[in-house]
Amino acid sequence: MNSIASWARARTPGSTDLIITIVVVALAGIGSLFDGGEGQSDPTVISTTLAIITASAVWFRRRQPIALLLAVSVVHVFINWETGNEVPLLPAVAVALFTVARHADRKVGLTVASIVGLAVAVAAAVLDEDQFLTEFLGAAAFVAVPIALGDAARSRADRIRDLIDTEASTRVQAERIRIARDLHDVVAHGLSTIAIQSGVAAHLIDKDPGQAKEALEVINATGKSSLEELRVMVGVLRSTDDAPLRPTPSSPDDLTDLLDGANRAGIAVTVERTGEFPPDVGDSCVVAMHRIIQEAFTNIARHAGGASTTLRIEHSVEQVEINISNEGTTTRTTTPESTGVGIIGMRERAESLGGTLRAEPIADGGFRVVAVLPHNLTRERT
């Protein structure tokens, strides 16, 4: 449907066509007043009227460019033959040649425009046999200019369209990566917690039914939470709003959901915070920080069991630094081996905002993730 609408718009006369038509009609009327020269008849009311009516057909040049070119050329040659006046429809011929070269199928348009232009040049030369070559070369040069300009305009439009298509394709690819990253955040965090707690429940179901029940309750809560997040993501994908796939927390400094998720995964987190987000912080920074922290907690749950974890958040004037580190542990988890996608996704989030991320093991056998994100104040982007 969009391509049909674009086709219709491209062929619907607009203000530019109105101006061109008025100018061409005016020039046809003025040009009809010229004397055809010795041996030629004076311009008549019929030839003048015919020239003006033919020139007014330029209004429909986008709809039937080839038909317009043929009609204008035939009438131009006829008037020139009858009155010796080739001036009235020369502008109309030029416009028709340009339109065919610009809007018709490139191969067909250039072929038709060249043949008709050559015929017009030959006709002009035949009518002045004494200066055949001079007339032919002059007319050929005249018809060649609008054809060349029309083809150049087509080439430029094609380049612009290719650039637009490339940019659209790039944006679509970036959106796919963003969707994949957010899906990974939701699914990996939820399934890691479920896998760990199901292992605990299976291990304790006979020895300590009470603790096994607690693990099953965590699995139930995590499953519901993950399904709700997926539902929200699908809802945003279906909407037309330019919003993050996962909504920004009501308060940028609110870590309640992240800490509750870490607690369900069996991670004891100590939070150390210096400063807070400025009032006009960009949503992209807030979302990135929360997703990076969540991914770090997911990795700790996957690889370090219930290792003690410290989360440090330090705000400066222009940026926030997030430091998530966990102690080493000898506990082995039952989760599958990591593919490393989580760390890659965290680094891409940080770098997409102009920040940095470093992930590295530390001396006591633990692991540390340090991210620096610019606040990206909204006033700087307006």
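How many residues lie between β4 and β5 in their hairpin, and which glycine in the turn has a positive phi?

**View 1. The β4–β5 hairpin of a predicted model.** Five residues separate β4 from β5 in this hairpin, and in the turn glycine 365 has a positive phi of about 95 degrees. Strand β4 covers residues 356–361 and strand β5 covers residues 367–374; they pair in the antiparallel sense over six bridges. Proline 361 has phenylalanine 367 of β5 as its bridge partner. Pairing requires at least two bridges found by DSSP between two strands. Helices (H or I, at least four residues) and strands (E, at least two) are DSSP runs, numbered from the N terminus.

**View 2. Helix α2 against helix α3.** Helix α2 (residues 15–31) packs on helix α3 (residues 45–56) at an angle of about 165 degrees, with the axes 8 Å apart. That makes the two helices, α2 and α3, roughly antiparallel. Axes are lines fitted to C-alpha atoms, for helices over the stretch in contact; angles run from 0 to 180 degrees between N-to-C directions. Angles under 35 degrees count as roughly parallel, over 145 as roughly antiparallel, 65 to 115 as roughly perpendicular and the rest as oblique. The crossing of α2 past α3 is right-handed. Thr21, Val24, Val25, Ala28 and Gly29 of α2 meet Ala51, Ile52, Ala55 and Ser56 of α3. Contact means heavy atoms within 4.5 Å. By class, six residues of this α2–α3 contact are nonpolar, three are polar and none is charged.

**View 3. Helix α3 against helix α4.** α3 also packs with helix α4 (residues 65–83), at an angle of about 160 degrees and with axes 10 Å apart. α3 and α4 are therefore roughly antiparallel. Their crossing is left-handed. A crossing is left-handed if the near helix is turned anticlockwise from the far one by less than a right angle, and right-handed if clockwise. Ser47, Leu50, Ala51 and Thr54 of α3 touch Ala71, Val72, Val75, Phe78, Ile79 and Thr83 of α4.

**View 4. Confidence along the chain.** The chain averages a pLDDT (the predictor's confidence in each residue, from 0 to 100) of 77, and 75% of the residues score at least 70. Helix α1 (residues 2–10) is lowest, at a mean of 43, and strand β2 (residues 309–315) highest, at 93. Residues 239–247 stay under 50, with 21 contacts beyond four places in sequence in the model.

**Notes.** Residues are numbered from 1 along each chain as its sequence is written. In this predicted model, local features need pLDDT of at least 70, side-chain atom pairs count only at pLDDT 80 or more, and totals for chains, interfaces and linings use all residues; side-chain values use heavy atoms, leaving out hydrogens and water.

Note on methods:
Ala, Val, Leu, Ile, Met, Phe, Trp, Tyr, Cys and Pro count as nonpolar, Asp, Glu, Lys and Arg as charged, and the others, Gly among them, as polar.
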